[in-house]
Amino acid sequence: MTTQAVADPHEFVRAQIRWRWSEVVFWLATLLPFVLAPNYLVLASQIAITALFAMSLDLILGYAGIVSLGHAAYFGIGSYTAGLMSAHGWGEPLTGLAAAAVTAGISGYLTSFIIARFRHLALIMITLGIGLVLVEAANSASWLTGGFDGLQGIHTWPILGKFHFDLYGYTAYSYALIALFAIFLLARRLIHSPFGLALRGIRENGARMPAIGAPTREHIRTIYTIAAIIAGVAGALLAQTTETVSLESLGFQRSADVLVMLILGGTGRLYGGLIGAIVYMVARDQFSGLNPQYWYFWIGLLLIAVVMTLPNGILGGLSLLAARIGKRS
Amino acid sequence: MSENALAVSGLNKRFGSLVVASNVELSLPQGVRYALIGPNGAGKTTLINLITGMLRPDSGRIFLGDGDITIFSPDERVRRGLVRTFQINSLFPHLTALESVALAVCERRRVAETWWRELTAYSSEIDEAHEILSALSLAAAGNRVTRELPYGQQRLLEIALALATRPKVLLLDEPAAGVPRDESKDLFAAIAGLSRDITVLFIEHDMDLVFRFASRVIVMVGGRVLLEGTPAEIASDPQVRAVYLGKARQDLGQVRAP
């Protein structure tokens with residue numbers, strides 16, 4: 001943060017949008033698993049998918065202040081869309097992603113009319129309710145979804161007819177990482193657009209927005225639909241790379257987990273969801289290796305420790321540290 | 001409705017048994033500077049809330065220019081040119097002053113739903129925001145985060161946000177509330193310097209400021225409009241003196257000669 005007044009407002013806006021070195025390093029580091037941990041590429045692909053899901057939650061929670069405990073609904077809709085297409089004989093992955101984006105987007109758009117009318121606690125209850133309704137609907141429609149047993153017979157075709165999904169997760173991680181990066185670029189553009197500014201306005205002072213002529217509900221409906229689309233794509237990626245879809249993909253646990261990851265990483269920074277997903281999933285992998293039954297104990301402890309010591313998550317703590325070092329030098 | 005910028009007819013509002021607006025009639029001609037005065041609890045802020053749609057009246061109509069805006073939402077009214085500021089700062093604490101004003105400009109130009117182009121592409125919006133800040137001597141503070149700005153500059157930013165919407169009618173709810181006396185003169189000088197295309201109504205308790213900057217004065221008491229007239233008429237009205245100025249003059253009388 002500069003202390004002296006910068007004369008040129010354009011330069012200031014440009015400076016905020018410019019790519020930082022830390023970002024470049026982060027994205028280069030996402031390639032490291034190929035070299036350093038080739039045995040963990042399956043895990044890495046699941047982390048990338050979860051990171052995408054967490055990023056979609058950040059767009060509504062971190063930027064527009066919409067707290068959701070039912071975001072897995074759209075993830076699950078995406079999963080089932082891609083899974084069902086594949087189970088019925090169309091396993092082409094890219095069209096699967098597109099179809100998942102459409103169904104999740106439509107669901108998001110329809111529910112956004114309810115979401116845009118509420119704030120805070122009411123919103124938590126409503127999103128929770130949407131999630132629960134969907135799980136039970138999917139459970140009872142077992143002729144379609146396979147119910148409690150999950151969807152059977154998913155087979156994902158090679159990407160572009162060339163790249164087969166292998167046991168080691170090489171293709172899966174490449175696929176998930178490319179999708180994550182491409183959607184990240186769009187999201188990064190979004191948060192630095194006039195619309196992104198409007199979202200920050202809603203988060204900062206939603207009550208003031210109508211007084212500057214802002215159609216707040218319209219903004220909320222738009223971002224909620226976009227977040228649902230991204231969540232749906234993440235769900236489809238998981239269905240395609242694991243070739244399984246179960247009720248758990250749209251359940252409460254997944255909604256709660258992604259919220260925890262985002263808060264761990266830090267909300268409203270776009271990277272918070274990514275960092276949170278990495279820390280959470282790696283910790284879960286390690287802790288469950290140590291103790292398969294009680295690993296949630298350690299996750300709980302981690303959550304308490306981070307929130308108590310770093311109120312704005314891991315990234316909030318890091319940027320505080322960077323500011324302190326910057327001041328000293 | 002002819003030349004009025006804003007007109008209110010038969011406006012009523014009650015909270016339970018408390019009448020906060022009773023058959024309020026107003027017509028503000030284009031370009032005039034109005035002061036809205038009255039004792040605490042007279043219903044001044046409530047009237048602004050009713051006019052801007054933040055409260056729904058029990059009955060009555062509100063006209064902006066020729067259009068009946070009674071059923072419009074607050075943001076629709078703003079887009080049509082009816083804009084207010086708040087007595088207690090209501091800003092965007094973590095946005096910079098420039099971002100806040102640029103946001104209002106983008107909303108007015110209907111580009112705030114555009115998510116696929118970065119803000120840097122909107123240089124005329126940024127320029128306009130910068131000009132608005134400059135006009136209120138806030139340009140140097142433009143790149144500072146709102147919550148770090150001194151209080152007086154935050155009050156100015158309230159007005160800058162309103163101006164960014166290009167108001168036809170501007171309702172200022174105690175624009176100088178909490179600002180030291182010498183600074184509040186500057187603030188009112190900025191308001192007085194606004195284009196005559198804008199009709200201004202401000203709530204203010206400081207009678208010196210009212211008599212200096214208003215061309216007409218509306219007196220409210222108990223949810224009713226008691227009187228409307230020029231500052232001179234208001235100052236000499238026995239009824240007004242009794243309910244409102246009387247007390248103020250008594251207080252002032254101890255400081256100055258009556």
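Me: Which strands of chain B does α1(B) lie across, and at what angle does this helix run to β7(B)?

Reply: This is a predicted model. In it, α1(B) lies across β3, β6, β7 (169-173), β8 and β9 (216-221) of chain B. Its direction makes about 145° with β7(B).

Me: What order do the strands of the six-stranded sheet have?

Reply: The order is β6-β7-β8-β3-β9-β10 (chain B), in an open sheet with mixed pairing. The strands β6 (82-84) and β10 (224-229) of chain B each have a single partner strand, so one side of each is left without a neighbour in the sheet. Direction ignored, neighbouring strands of this sheet are turned by 20° against each other on average.

Me: How do I read the pairing of two strands, and in which sense do β3 and β8 of chain B pair?

Reply: Strands of a sheet pair through backbone hydrogen bonds, and the pairing is either parallel or antiparallel. Here, β3 (residues 33-37) and β8 (residues 199-203) of chain B pair in the parallel sense, over four bridges.

Me: Which strands form the open sheet of four?

Reply: That sheet has the order β2-β1-β4-β5 (chain B), and its pairing is antiparallel. Its edge strands are β2 (18-29) and β5 (67-68) of chain B, each pairing on one side only. Helix α1 (residues 44-51) of chain B packs on this sheet as well, touching β1 (4-15), β2 and β4 of chain B. The helix direction makes about 65° with that of β2(B).

Me: How many bridges join the strands of this sheet, pair by pair?

Reply: Eight bridges join β1(B) to β2(B), five join β1(B) to β4(B), and two join β4 (residues 59-64) of chain B to β5(B). In the hairpin of β1(B) and β2(B), two residues lie between the strands, and B:Gly16 takes a positive phi near 60°.

Me: How many residues of chain A are in contact with chain B?

Reply: The size of an interface is often given as the accessible area lost when the parts come together. Counted by residues, 32 of chain A are in contact with 39 of chain B. On the chain A side, the elements giving two or more residues are α1 (9-17), α9 (170-191), α10 (194-205) and α11 (216-242) of chain A. The largest share, nine residues, comes from α10(A).

Me: How do the residues on that side of chain A divide into nonpolar, polar and charged?

Reply: There are 17 nonpolar, nine polar and six charged residues on the side of chain A that touches chain B.

Key. Residues are numbered from 1 along each chain as its sequence is written. Chains are lettered from A and ligands numbered from 1 in the order in which they are written. This is a predicted model: local features need pLDDT of at least 70, side-chain atom pairs count only at pLDDT 80 or more; totals for chains, interfaces and linings use all residues. Two strands pair if DSSP finds at least two bridges between them. Two residues are in contact if their C-beta atoms, placed from the backbone, lie within 7 Å. Axes are lines fitted to C-alpha atoms, for helices over the stretch in contact, and angles run from 0 to 180 degrees between N-to-C directions. Ala, Val, Leu, Ile, Met, Phe, Trp, Tyr, Cys and Pro count as nonpolar, Asp, Glu, Lys and Arg as charged, and the others, Gly among them, as polar.
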